[in-house]
Amino acid sequence: MRRSVQARHDAVCGAAQRDGGRPGCRARLRVRREVALAGWLGLWLLACGPAPRAPAPPPGGPPGTSIDRPAMVERVRAELRSSWRAYTRYAWGHDELRPVTRTARDWYGESILITPVDALDALVMMGLTEEAAAARALIDERLSFDKDITVKNFEITIRVLGGLLSGYQLTGDAKLLQLADDLGARLLPVFGSPTGMPYMYVNLRTGQVSGAKTNPAEIGTLLLELGALSKLTGKPIYHDKARRALVALYARRSPLGLVGEEIDVESGQWVSPNSHVGGGIDSYYEYLLKASILFGDAELGAMWRASVAALDRYLADESTGALWYGQVDMTTGRRTATEFGALHAFLPGVLVLGGDVARARRLEASCFQMWQLRGIEPEVIDYRTMAIRAPGYPLRPEIIESAWYLRRATGDPAYLAMGQVFLDALVAHARTDDGFTVLTSVETMARGDLMPSYFLAETLKYLYLIFAPDDAIDLDRVVLTTEAHPLRRTW
Ligand code: DMJ
């Protein structure tokens, strides 16, 4: 059994984690390197701007060239291992860990094992075999969706359904697919609106739905998971419902080709015309492109191209020589705000996947400026003034995800250097004795008390991928969901 799990794992993930491995403390060397890195990256950022300058090459080569990738892989793996252990010690069987108080959080009063399910594929990919086996055994033995709880369809789809599906593909454990099928069936009532666009909430036992006013991300970020569920179970209904909802949303775009921030799924009317690429809209665009790739769906590909052209035309904004994507009215195109944040930082990665590496590089350089304002990323800034509008950092992965796509696409070692800056900042500001915790302010570095499941599923996974060999993920066959769950095309 073990051998076949390893073989499957290698097929998806390659052998990256096995060639990692030089443990041991390199602290002093690291501090010296970090000081140099900050300066190098500053020069590199300038070089990414529209008016190219030619900074003198820093002594010792461009940023990132001296980074010891296997050692960085080992550092990330060690952080995943200790974070998982903290979960097992203080929150075993619950949804999430509160690392400061060493207590557990259940989203809906009773657990649906959000952290173990979300983290399973990261444990497998990074070769934490015993930890992965423990997570899988817990899920197999205890997870049940027959609960009288009303859940958020979007969150449960991306974290739990996605985690079960990638876990199934990586381990071959048929119980995980059974659980995914059961969950998918319980979520299906959300699509019963007059427009076919999903309600926001559903009761897992009764099928009672609620939340007619919802947003593009919650409507449009379901197709990778439900489509893969269809392919793996042979039940087309999941794919068809999710695709119909995505197309219904696209059909309600404005004449400019933009979508707003809030829509009523019963009337089909927009409630908020505010258009941007941040939270509430972001992954709708991501799934147009990624679903077209995973399912070879040319119509969705055309929808993505039309959408990104509208984003580039109306949302993109230049400020002090840098590229940003702000807010506009979806109907008039009038600019309504110049805010950008941690969630917007998914866009460079998706632009890379869509083939626009030049724009992606410029936008990631802007994201990195945002990170560097306080040495770790604020949730929202105003890019005109560079003032912080929302100071929290809930351990988000998006800027790291984009750095990985760019490192892969360009081979530029500056993205390795960026990855090191990200990891060092996380360790310096967000690590506790028992896992990592959210920051409530990057201005004061005040800490909250939560290790969100996506920190293991996404933040650490993308950090690992930045330093791992390219064959860690076979992007010709694998698409990563918005929660970083790798779905492999076997159809
Ligand atoms: C994750 O749960 C997903 O990436 C989602 O699409 C939005 N953001 C969080 C992490 O920031």
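Two strands are taken to pair if DSSP finds at least two bridges between them; helices (H or I, at least four residues) and strands (E, at least two) are DSSP runs numbered from the N terminus. The structure is a predicted model, in which local features need pLDDT of at least 70, side-chain atom pairs count only at pLDDT 80 or more, and totals for chains, interfaces and linings use all residues. Residues are numbered from 1 along each chain as its sequence is written.

In strand β4, Y201 is the bridge partner of K152. Strands β3 and β4 (residues 201-203) run antiparallel and are joined by 3 bridges. An open sheet of 3 strands is formed in the order β3-β4-β5, with antiparallel pairing. Its edge strands, β3 (150-152) and β5 (209-210), each pair on one side only. Helix α6 (residues 153-171) packs on this sheet and touches β3 and β4, contact being defined as C-beta atoms, placed from the backbone, within 7 Å. The direction of α6 makes about 70° with that of β3, where axes are lines fitted to C-alpha atoms, for helices over the stretch in contact, and angles run from 0 to 180 degrees between N-to-C directions.

L223 belongs to helix α9 (residues 223-233). L223 is classed as buried because 29 other C-beta atoms lie within 10 Å, the cut-offs being 20 or more for buried, 12 or fewer for exposed, and partly exposed in between, with C-beta atoms placed from the backbone. Beyond its neighbours within four places in sequence, L223 is in contact with A242, R243, L246, Y287 and A291. Between L223 and A291, the C-alpha to C-alpha distance is 6.6 Å, across a sequence separation of 68 residues.

Terms used: Contact = placed C-beta atoms within 7 Å.
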